[in-house]
Amino acid sequence: MGSNPLFDYLALDTGGRERRGSVRAASAEDARAMLGAKRLYVVRMEASSGAESPPLLSRGALLRKRLSGKQLTLFTRQLATLALVSPLEEALRTIARQTEREHVQRILFNVHGAVLEGRRLSEAMGREPASFPPLYRAMVAAGETSGTLSEILERLAGLLERQALVRGKVLSALAYPIVLAFFASFIVFALMIFVVPKVVEQFEDIGQRLPLLTRMVIGLSQFLASWWWALLIAVFALGFLALQALRDEGRRLRFDRRLLRLPLLGRLLRDLHAARMARTLSTMVGSRLPLLEGLKLTTLTVHNRALRAASAEIAETVRTGGSLSGALRKAGIFPPLLVYLAASGEASGRLDIMLERAADYLEREFDSFTSAALALLEPAIIVIMGAIVALIVLSIMLPILQLDTLAGGMR
């Protein structure tokens with residue numbers, strides 16, 4: 001028995017308390033089986049190094065990692081399903097034990113331990129605020145209070161999936177133009193730094209004044225070849241200074257307001273925010289969560305300061321007794337369709353359904369808008385790149401044509 005390796009473990013007992021120690025066994029599987037027979041749920045196990053390690057569920061460990069959006073969506077969908085057929089603590093333990101990611105297992109067992117201590121699920125999730133945002137916990141609390149936790153978890157899973165879908169569409173819409181622009185810039189810089197200087201060497205001894213376009217391209221090529229490092233430093237320095245300047249709330253607010261005034265980007269930002277707000281509020285109203293609380297929690301998730309200020313004004317108007325549609329109209333930045341459907345929902349008592357329809361429409365508009373924008377942007381990048389390459393080629397060809405003309409005159 002003494003020849004068996006020693007395994008350090010971190011486990012939770014049936015009371016949710018942390019248990020740490022070491023056990024000798026032939027393998028890690030045998031060690032897990034021995035601990036399972038003692039009704040200990042293993043969170044982590046590794047071969048003993050003989051050194052003392054800090055408690056893995058201590059406060060410091062909570063700051064390591066959080067659930068990603070995809071992991072949170074999967075967890076919510078699984079919990080909504082298992083909560084229908086098993087007790088909550090058993091559902092949490094089952095999900096935690098089947099996950100393969102160590103940090104996800106640690107987070108879920110931390111929540112599971114709090115539930116075993118007698119806490120409500122929403123309070124237990126408060127132990128992991130980075131993984132479970134306030135909006136999420138508020139909806140879970142509403143489900144616990146009303147006795148419809150599984151139904152609200154289904155709604156939450158649907159909301160998270162829709163938000164992930166929209167984020168994916170934004171990333172896919174931006175990825176191709178960015179990659180195309182990057183490679184186009186790389187090709188142009190490579191031509192200017194490596195190709196043009198080699199060709200220019202052939203014109204050094206001709207004794208003729210080169211054309212203006214050729215001289216301009218040569219000058220730019222020499223500058224890039226000699227000072228490319230300084231140009232990179234300047235770009236990074238300007239980026240750093242811009243980020244520092246935007247830390248000031250006044251400058252950030254003015255910058256965000258200018259973004260919203262841009263012809264294409266401004267509309268995109270407004271529609272995305274409107275769709276997200278409409279879908280979130282629809283989910284919260286349908287879950288019987290107070291509209292004002294939903295507005296306040298949604299405001300905290302908005303990154304654009306101008307849109308955040310508008311959302312805060314809407315929440316204040318609703319708090320003082322105003323209607324949601326009136327507050328949206330007063331803000332002046334939301335699409336008229338959202339205002340109209342919100343007013344219709346308030347009049348008919350079907351606000352959640354009307355807000356969901358508004359979100360569906362705005363997301364379809366976003367799809368159409370990005371498709372049209374990409375249809376114009378991609379060929380525009382190609383045309384601009386072609387024009388730049390054509391100018392470089394023309395600057396090289398002009399001296400050659402000039403030499404042929406001089407040679408023909410001499411004959």
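Predicted model: local features only at pLDDT ≥ 70, side-chain atom pairs only at ≥ 80, totals over all residues.
Me: What share of the residues is buried?
Reply: Buried residues make up 37% of the 411 in the protein chain.

Me: And the contacts, what share joins residues at least 24 apart?
Reply: The figure is 60%, taken among contacts between residues at least 6 apart in sequence.

Me: Helix packing next. At what angle do α7 and α8 pack?
Reply: About 130 degrees, with the axes 9 Å apart. Helix α7 covers residues 149–200 and helix α8 covers residues 212–245. The two are therefore oblique to each other.

Me: Left-handed or right-handed crossing?
Reply: The crossing of α7 and α8 is left-handed.

Me: Which residues make that contact?
Reply: From α7 come Phe189, Met192, Ile193, Val196, Pro197 and Val200. From α8 come Val217, Ile218, Leu220, Ser221, Leu224, Ala225 and Leu231.

Me: Now α12 and α13. How do their axes cross?
Reply: At roughly 145 degrees, and the axes come within 9 Å. Helix α13 spans residues 324–331. The α12 and α13 crossing is right-handed.

Me: Switching to salt bridges. How many does the count come to?
Reply: The count comes to 13 salt bridges.

Me: Give me one. What does Arg93 meet in a salt bridge?
Reply: Its partner is Glu89, at 2.9 Å from N to O. Both Arg93 and Glu89 sit in helix α3, residues 88–98. They are four residues apart, about one turn of the helix.

Me: Is Arg93 buried or exposed?
Reply: Arg93 is buried, because its relative accessible area is 14% and the buried class means under 20%. Glu89 counts as partly exposed, at 25%.

Me: Which residue pairs with Asp256?
Reply: Arg252 does, with the closest N and O atoms 3.2 Å apart. Both lie in helix α9, four residues apart, about one turn of the helix.

Me: And how accessible is Asp256?
Reply: Asp256 has a relative accessible area of 2%, so it is buried. Arg252 is partly exposed at 21%.

Me: Which residue does Arg305 form a salt bridge with?
Reply: Glu249, with the closest N and O atoms 3.1 Å apart. Arg305 is in helix α12, residues 305–319, and Glu249 is in helix α9, residues 249–261. The pair therefore ties together parts that are 56 residues apart in sequence.

Me: Buried or exposed, for Arg305?
Reply: Arg305 is buried, with a relative accessible area of 17%. Glu249 is partly exposed, at 46%.

Me: Staying on α9, where is Arg258 found, and how far is it from Ala306?
Reply: Arg258 is found in helix α9. Arg258 and Ala306 are 9.3 Å apart, C-alpha to C-alpha, and 48 residues apart in sequence. Arg258 counts as exposed, at 51% relative accessibility.

Me: Which residues are linked in a network of salt bridges?
Reply: Arg162, Arg279, Asp360 and Glu363 are.

Me: Tell me about Arg162. Which helix does it lie in?
Reply: Arg162 lies in helix α7. With a relative accessible area of 29%, Arg162 is partly exposed.

Me: What is Arg162 in contact with, leaving aside its neighbours within four places in sequence?
Reply: Arg279, Asp360 and Glu363.

Me: Last one. What separates the C-alpha atoms of Arg162 and Arg276?
Reply: They are separated by 9.2 Å, though the two residues are 114 apart along the chain.

How values were computed
Residues numbered from 1 in each chain as written. Heavy atoms only, no water. Axes fitted to C-alpha atoms, helices over the stretch in contact; angles between N-to-C directions. Parallel < 35°, antiparallel > 145°, perpendicular 65-115°, else oblique. Left-handed = near helix turned anticlockwise from the far one by under 90°. Contact = heavy atoms within 4.5 Å. Salt bridge = Lys/Arg side-chain N within 4 Å of Asp/Glu carboxyl O. Buried < 20%, exposed > 50% of the residue type's maximum accessible area, 1.4 Å probe, protein only.
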